[in-house]
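Biologist: Please go through the terms applied to this model one by one, and set each value against its definition.

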Amino acid sequence: MAKLPISSYLHTDVVYIARFLLGKYLFSNIDNILTGGIITETEAYKGTSDKASHAYSGTRTNRTEIMYGQGGVAYVYLCYGIHYLLNVVTADVNIPHAVLIRAIYPIIGTNEMLVRTGKTKVNNNLSNGPGKLTKALGIDLSINGASYQGSDIWIEDNKIAIKKMDIEAGPRIGVGYAGKDALLPYRFVFNYGDYIKKTH
DNA sequence: TGTAGGATCCACT
DNA sequence: GTGGATCCTACAG
């Protein structure tokens, strides 16, 4: 496998990238420990025009500044004062689109993931939420701004050929405050369990 | 400087 | 299925 090239992140259609990232391998190498898994859930946040986005209406703050840079870097922020959430910044400079990685299926370094999360079993429950997956992968604010071409965090391509029918689209989670934008079908789920059943 | 509210998770019923 | 934990961020004054 090979790291996704920077060009993969510069597409201007953030919804396209959100679907594209499903089934790819997300890796982190934190404290010299390799952990990773298959991306199974993403959400698209469409820059300045999307009420659910932190960059809605072009607001620039210290927190969101990274979203306005070039795509291919990580945007990590603290939610509810408790959970770190991991995003992929996409598109070119001044277009603050981002994809929230909501879930992965754990594959590599699962023992370390159990230690980090305090869980005892490796299953889909280990990293099936945006706060849980950052904890399992050891991601915190020190990763904010890191390049996906670097050695801390990256995404690799693979041989998984996902068909349209393997992807479920629906409204995003926890964005009820966003008015009609809360209804946009910008959440994408790749049902990895069903995929395995069908191909084996 | 104060305060309202949030891109969540877990324990408990 | 429901509610509390918990604290940072953004914005108003």
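Modeller: Let me begin with a definition: a helix crossing is right-handed if the near helix is turned clockwise from the far one, by less than a right angle, and left-handed if anticlockwise. The model itself is predicted.

Biologist: What makes the crossing of α2 and α3 right-handed?

Modeller: Helix α2 passes α3 in the clockwise sense, so the crossing is right-handed. The pair is formed by α2, residues 110–117, and α3, residues 130–137.

Biologist: Which values describe how α2 and α3 pack?

Modeller: Two packed helices are described by the angle and the distance between their axes. For α2 and α3, the angle is about 115° and the axes are 7 Å apart.

Biologist: Which residues of α2 and α3 meet, and what makes this a contact?

Modeller: From α2 come Met113, Arg116 and Thr117, and from α3 Lys132, Lys135, Ala136 and Leu137. They are said to be in contact because heavy atoms lie within 4.5 Å. By class, the residues are 3 nonpolar, 1 polar and 3 charged.

Biologist: Why is threonine 40 called buried?

Modeller: Its relative accessible area is 8%, which is under 20%, so threonine 40 counts as buried. The residue lies in strand β2, residues 33–45. Beyond its neighbours within four places in sequence, threonine 40 is in contact with Leu22, Ala103, Ile104, Tyr105, Phe188, Val189, Phe190 and Tyr192.

Biologist: What makes the pairing of serine 142 with aspartate 140 a polar contact?

Modeller: The side chains are joined at 2.6 Å, and the limit for a pair of N or O atoms is 3.5 Å; the pair therefore qualifies. Serine 142 also lies 8.5 Å from valine 76 in space, C-alpha to C-alpha, although the two are 66 residues apart in sequence.

Biologist: How do you know that arginine 102 makes a polar contact with DNA strand B?

Modeller: An N or O atom in the side chain of arginine 102 is 3.4 Å from a phosphate oxygen of DNA strand B, which is within 3.5 Å, so the pair counts. For tyrosine 77, an N or O atom of the side chain is 3.2 Å from a base nitrogen of DNA strand B.

Biologist: How many residues surround DNA strand B, and which are the closest?

Modeller: There are 20, and the closest are Tyr77, Asn87, Gly129, Gly174 and Tyr177. Of the atoms of DNA strand B within 4 Å of the protein, 55% belong to sugar and phosphate.

Biologist: What makes a residue count as near DNA strand C, and which residues qualify?

Modeller: One heavy atom within 4 Å is enough, so Thr59, Thr61, Arg63, Leu78, Tyr80, Gly81 and Ile82 are near DNA strand C. Their classes are 3 nonpolar, 3 polar and 1 charged. Sugar or phosphate holds 79% of the atoms of DNA strand C within 4 Å of the protein.

Key. Residues are numbered from 1 along each chain as its sequence is written. Chains are lettered from A and ligands numbered from 1 in the order in which they are written. This is a predicted model: local features need pLDDT of at least 70, side-chain atom pairs count only at pLDDT 80 or more; totals for chains, interfaces and linings use all residues. Side-chain values use heavy atoms; hydrogens and water are left out. Helices (H or I, at least four residues) and strands (E, at least two) are DSSP runs, numbered from the N terminus. Buried means under 20% relative accessible area, exposed over 50%, partly exposed in between (1.4 Å probe, protein chains only). Ala, Val, Leu, Ile, Met, Phe, Trp, Tyr, Cys and Pro count as nonpolar, Asp, Glu, Lys and Arg as charged, and the others, Gly among them, as polar. Axes are lines fitted to C-alpha atoms, for helices over the stretch in contact, and angles run from 0 to 180 degrees between N-to-C directions. A polar contact is a pair of N or O atoms within 3.5 Å; within protein, one must be able to donate a hydrogen and the other to accept it, and residues adjacent in sequence count only if both atoms are side-chain atoms.
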